[in-house]
Amino acid sequence: MKYPYITHLILGLSFWFFSPSTQAQCSIDFTFSGDLCSSSPIQFNASSTGEGQYIWFFGDGSLPERIQNPIHVFPAETGTSNYTVTLQLITPDNDTCSVS
C-alpha cells in the first residue's frame, strides 16, 4: 500500500502526516468446492484483477498456504465447526486486498 505524505513546518518542528491510499489497486474473490460435511479435501479457487502473492488463512490453526488455488482438509471435529477462510493478495506495488 502506498502512503502519500504531507509535511508542515511549524515553529521549527516538522510534522509528517501519512495517509493511506483510499483504494487498493486490486480486487479479489474466491470460490470453493467439495463436501463440507466431511473431512474430505476442499478445492479453493482465487480470482483477482491483479497479480501478486496469494496467502490463504483457513481459520483452523494450520499454516497459511501461499499458492493461488490450494486444496485444504479441515480437521475432523465432533459436532459443528465453523472456520473463517481469508484470502489476501499482495501486489508488486504492496497493495493488499483481502476477502473472507
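Predicted model: local features only at pLDDT ≥ 70, side-chain atom pairs only at ≥ 80, totals over all residues.
Colleague: Which strand has the lowest confidence in the protein chain?
Modeller: Strands here are DSSP runs of E with at least two residues, and helices are runs of H or I with at least four, numbered from the N terminus. The highest mean, 96, belongs to strand 5 (residues 53–57), and the lowest, 40, to strand 1 (residues 5–10). The pLDDT is below 50 over residues 1–12, a stretch with 30 contacts in the model beyond near neighbours in sequence (contact: heavy atoms within 4.5 Å). The strand asked for is strand 1.

Colleague: How many helices and strands are there in the protein chain?
Modeller: Read along the sequence, the pattern is β-β-β-β-β-β-β-β. The count is zero helices and eight strands.

Colleague: In what order do the three strands of the open sheet lie?
Modeller: Two strands pair if DSSP finds at least two bridges between them. Strand 3 is joined to strand 4 (residues 42–48) by six bridges, and the two run antiparallel; isoleucine 28 stands opposite serine 48 in strand 4. The pairing in the sheet is antiparallel, and its order is 3-4-6.

Colleague: Which strands are the edges of that sheet?
Modeller: An edge strand here pairs on one side only. The edges are strand 3 (28–33) and strand 6 (71–72).

Colleague: Which residues touch the most other members of the largest nonpolar core?
Modeller: A nonpolar core is a set of buried Ala, Val, Leu, Ile, Met, Phe, Trp, Tyr and Cys residues joined through side-chain atoms within 4.5 Å; buried means under 20% relative accessible area, exposed over 50%, and partly exposed in between (1.4 Å probe, protein chains only). Of the 14 residues in the largest core, those with the most such partners are Phe44, Trp56, Val85 and Leu87.

Colleague: Which strand supplies the largest share of this core?
Modeller: At least two residues each come from strand 3, strand 4, strand 5 and strand 7 (86–90). The largest share, three residues, is that of strand 4.

Colleague: Which cysteines does the disulfide join?
Modeller: A disulfide is a pair of cysteine sulfur atoms within 2.5 Å, and a search of the whole structure finds one. The S to S distance is 1.8 Å, and the pair is cysteine 26 and cysteine 97.

Colleague: Why is this disulfide right-handed, and how far apart in sequence are the parts it ties together?
Modeller: The torsion about the S-S bond of cysteine 26 and cysteine 97 is about 115 degrees, so the disulfide is right-handed. Cysteine 26 lies in the loop between strand 2 (13–18) and strand 3, and cysteine 97 in strand 8 (residues 96–99), so the parts tied together are separated in sequence by 71 residues.

Colleague: Is isoleucine 55 buried or exposed?
Modeller: Isoleucine 55 lies in strand 5. Leaving aside neighbours within four places in sequence, its contacts include Pro64, Leu87 and Ile90. With a relative accessible area of 5%, isoleucine 55 is buried.

Notes: Residues numbered from 1 in each chain as written. Heavy atoms only, no water. pLDDT = per-residue confidence, 0-100.
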